[in-house]
Amino acid sequence: MPPREQPLIRIAESPFRPEDAPTADFVLQTSDKVRFWLCKAVLARASPIFKDMFTVPHPPQAAAAAAANADDDYVDGKPIVRVTEKAAVVDPFVRCCYPVARPVLDSKLLTAMYEAGEKYEADGVRAYARQEVARRALEPEHCLRAYLVAYRFGMTEEMKVAARQTIYV
């Protein structure tokens, strides 16, 4: 059986590319091999989970270089932190943490992003996802889907608004 090909490593969209982020001090790599150049201070402020994660020392670059997995721990002198989420979820997640334009989310992505917000205890991410559910609850073409997302995450007020809106559909 031939060995499985590893997916190619890709670079995230702007403003999380290395040339756009000269102050980045780590690289976040998603499960689908997309790399985001980020600042620890921004993610630590947005998420206590990331804050705690950054207190765990990364192996020194010299030690990593001596090991067989030298390319797996650092890129451009910055430590790589891997997450289990795909880039489609990480991109809007970090956009909610940074002072950049907020992402537009479809219902599936909205659900995944709220789950990531819960996992990393990122209040700002959860609040943005909740606002999006509330906004969609008022739209006749999205109210049923908004109701389902609100129900899944126990968003009682958003469920009520969406339920009322389904009467007009």
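## Strand β3, covered on both sides

Strand β3 (34–38) is mostly covered, with 5 of its 5 residues buried (buried means under 20% relative accessible area, exposed over 50%, partly exposed in between, using a 1.4 Å probe and protein chains only). On one side sit Val34, Phe36 and Leu38, on the other Arg35 and Trp37, and all are buried. In a regular strand, side chains alternate between the two faces of the sheet.

A quick note on the basis: this is a predicted model, where local features need pLDDT of at least 70 and side-chain atom pairs count only at pLDDT 80 or more, while totals for chains, interfaces and linings use all residues. Residues are numbered from 1 along each chain as its sequence is written, and side-chain values use heavy atoms, with hydrogens and water left out. Helices (H or I, at least four residues) and strands (E, at least two) are DSSP runs, numbered from the N terminus.

The open sheet has 5 strands in the order β1-β3-β2-β5-β4, with mixed pairing (two strands pair if DSSP finds at least two bridges between them). β1 and β4 (74–75) stand at the edges with a single partner strand each, so one side of each has no neighbour in the sheet.

β1 (residues 10–11) runs parallel to β3, and 2 bridges join them. Arginine 10 stands opposite valine 34, and isoleucine 11 stands opposite arginine 35. β2, in turn, runs antiparallel to β3 through 4 bridges, with valine 27 opposite tryptophan 37.

Threonine 30 counts as buried because its relative accessible area is 3%. Setting aside residues up to four places away in sequence, threonine 30 touches Phe36, Val83, Glu85, Lys86, Ala87 and Val90 (contact means heavy atoms within 4.5 Å).

Helix α5 (87–97) lies across β2 and β3, running at about 15° to β3. Axes here are lines fitted to C-alpha atoms, for helices over the stretch in contact, and angles run from 0 to 180 degrees between N-to-C directions.

## Helix α6 and its ends

Helix α6 (residues 107–119) has 13 residues and reaches 18 Å from first C-alpha to last, close to the 18 Å expected at 1.5 Å a residue; the expected span is 1.5 Å times one less than the number of residues. Its buried residues are Ser107, Leu109, Leu110, Thr111, Met113, Tyr114, Ala116 and Gly117. What covers them includes α5, α7 (123–137) and α8 (143–152).

Just after α6, glutamate 121 takes a positive phi of about 50°.

## Cysteines and glutamine 165

The structure holds 0 disulfides (a disulfide is a pair of cysteine sulfur atoms within 2.5 Å). Cysteine 96 is in none, and the nearest cysteine sulfur, that of cysteine 97, is 6.7 Å away. Cysteine 96 counts as buried at 9% relative accessibility, and cysteine 143 is buried too, with a relative accessible area of 1%.

Glutamine 165 sits in helix α9 (residues 156–166) and is buried, at 16% relative accessible area. Leaving aside neighbours within four places in sequence, glutamine 165 is in contact with Ala137, Leu138, Glu139, Pro140 and Cys143.
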